[in-house]
Amino acid sequence: MKNLTSKLIHGNIEDQNDVFRSLKTPIYDSNAFYFESSEQIADAFQGKIDAYMYSRSANPTVSELEKRLTILSGGLSTVCTSSGMFAISSALLSVCAPGDHIISSPYLFGHSYSLLNSTFAELGINTSFVNIESIEELEHAITDKTRVIFLENIANPQLIVFDVDAIAAVAKKHNILLVIDNTLATSYIFNCQEHGVDIEVLSTTKAISGGATSVGGAVILHKSDKWKHIPKMAEFYENFGATALIKKIRKGIYRNLGGNMAPHNAYLQLLGLETLTLRIDKFVENATTVAEYLQNHSKIKKVSYPGLNNSKYNKLINTQYKGKAGCLINFEMKDKQACFDFMDKLKMIRRATNFCDNKSLVIHPASTIYAEYTSAERDLLLIHDSMIRLSVGIENVQDIIADLEQAL
Ligand SMILES: *Cc1c(COP(=O)(O)O)cnc(C)c1O
């Protein structure tokens, strides 16, 4: 098998040895696994043999999803987590110690901003929010304590698209880890391995879950030669080599804070993965048609969709993102009241958070996901009162446009 879609559907066939020859990965909903002898269980606990022992540490259904995500991303190794937020926090906490410094794009999912700005600050890990679209500003913000540059390559919901190659070159020059939240693009649209990313994090809740079925996350490790320059990782790297980070997460934060994914969620997400490329291609086709429709409508002030020919990010989408800009569109109306009036008239498109659902969803970010922030913070994050986020689903596109049309 050469093609990604086929690989996602089948996984590694030689590796599948279910006793009943089940075509689907079974749900191993068992917290513990038994051993033939006392010797064996001792060996397993001491790491002398590979075996499942307890599902907070590892579980066969979750492992299959991890293997499939490694195939999807072309990475070295993957750990699946209880949520996207746990993937981000466990990746960053495994490489940053108190006193260390993170440079982050401010164009982030609301809770990621809160994680860095409050939770990590309380732990003594400080973040500078920098407009890293400017390489000059990025370089200027680097200190000898900077361990990570963190960004969403296509930012949710601002839809700013980053030139990852340029940022990766700076990270390489200074031996700083490049950590990318690839949730919106997914590893299908944006291949982290080919663009110098060290650690990829995903909220599998979104595109991978297959349509709002379950919450989950993943940390995917890519090839990197920076580990000996990261104080918190140097010793682990000496002992465990290229996949040291995943071992550190598993034996540390993942196990000790209890961030494992439930086996049933892993099963649902494996189902979602089988149709990932099909659904994303349909998202892109529908979103492009809808963005073109919105941009020609007199009631809409401004439309952002990086897939539009006239978007300033279109060239980047074509060069680094396989010409696919994902499912999210944002657009501006006269003011907040105009947004609410419009949203309340929608009949098929649901008012809901989440995106990359099969259903089209709409939300007013300023009054929901970003409501807890001050207006100065919302300005920094580019969250405007007049902005609506639309996640275009895989319904028939004429039905989506008809619903928008009657509401406008
Ligand atoms: C939703 C989201 C997250 C958080 O993921 P959860 O699975 O909800 O914890 C992180 N980053 C981005 C870009 C997201 O959209």
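## The ligand and its contacts

In this predicted model, a nitrogen atom of the ligand sits 2.6 Å from an N or O atom in the side chain of Asp181, a polar contact (a pair of N or O atoms within 3.5 Å). The side chain of Ser203 brings an N or O atom to 2.8 Å from a ligand oxygen, and for Thr205 the corresponding distance to an oxygen atom of the ligand is 2.6 Å. On its own the ligand exposes 380 Å², and the protein buries 90% of that (Shrake-Rupley areas with a 1.4 Å probe).

Now for the shell, where a residue counts as near if one of its heavy atoms lies within 4 Å. Of its 15 residues, Gly84, Asp181, Ser203, Thr205 and Lys206 come nearest to the ligand. Helix α4 (residues 84-95) supplies the largest share of the shell, three residues. By type, the shell has five nonpolar, seven polar and three charged residues, with Gly counted as polar and Tyr, Cys and Pro among the nonpolar ones.

## How the model was read

Residue numbers start from 1 along each chain as its sequence is written. As this is a predicted model, local features need pLDDT of at least 70 and side-chain atom pairs count only at pLDDT 80 or more, while totals for chains, interfaces and linings use all residues; side-chain values use heavy atoms, without hydrogens and water.

## An open sheet

Five strands form an open sheet in the order β8-β9-β12-β11-β10, with mixed pairing. Strands β8 and β10 (350-351) stand at the edges with a single partner strand each, so one side of each is left without a neighbour in the sheet. Strands are DSSP runs of E with at least two residues, and helices are runs of H or I with at least four; two strands pair if DSSP finds at least two bridges between them.

Strand β9 (residues 328-332) runs antiparallel to β8 (residues 302-304), joined by three bridges, with Asn330 as the bridge partner of Ser304. Five bridges join β9 to β12 (residues 387-391), also antiparallel, and there Phe331 stands opposite Ile388. Leu328, Asn330 and Glu332 point one way from β9, Ile329 and Phe331 the other way, and all are buried (under 20% relative accessible area, 1.4 Å probe, protein chains only).

## Helix α12

Helix α12 (residues 276-295) has 20 residues and reaches 28 Å from its first C-alpha to its last, close to the 28 Å expected (1.5 Å times one less than the number of residues). Its buried residues include Leu276, Ile280, Phe283, Ala287 and Leu294.

Conventions
Buried means under 20% relative accessible area, exposed over 50%, partly exposed in between (1.4 Å probe, protein chains only). A polar contact is a pair of N or O atoms within 3.5 Å; within protein, one must be able to donate a hydrogen and the other to accept it, and residues adjacent in sequence count only if both atoms are side-chain atoms.
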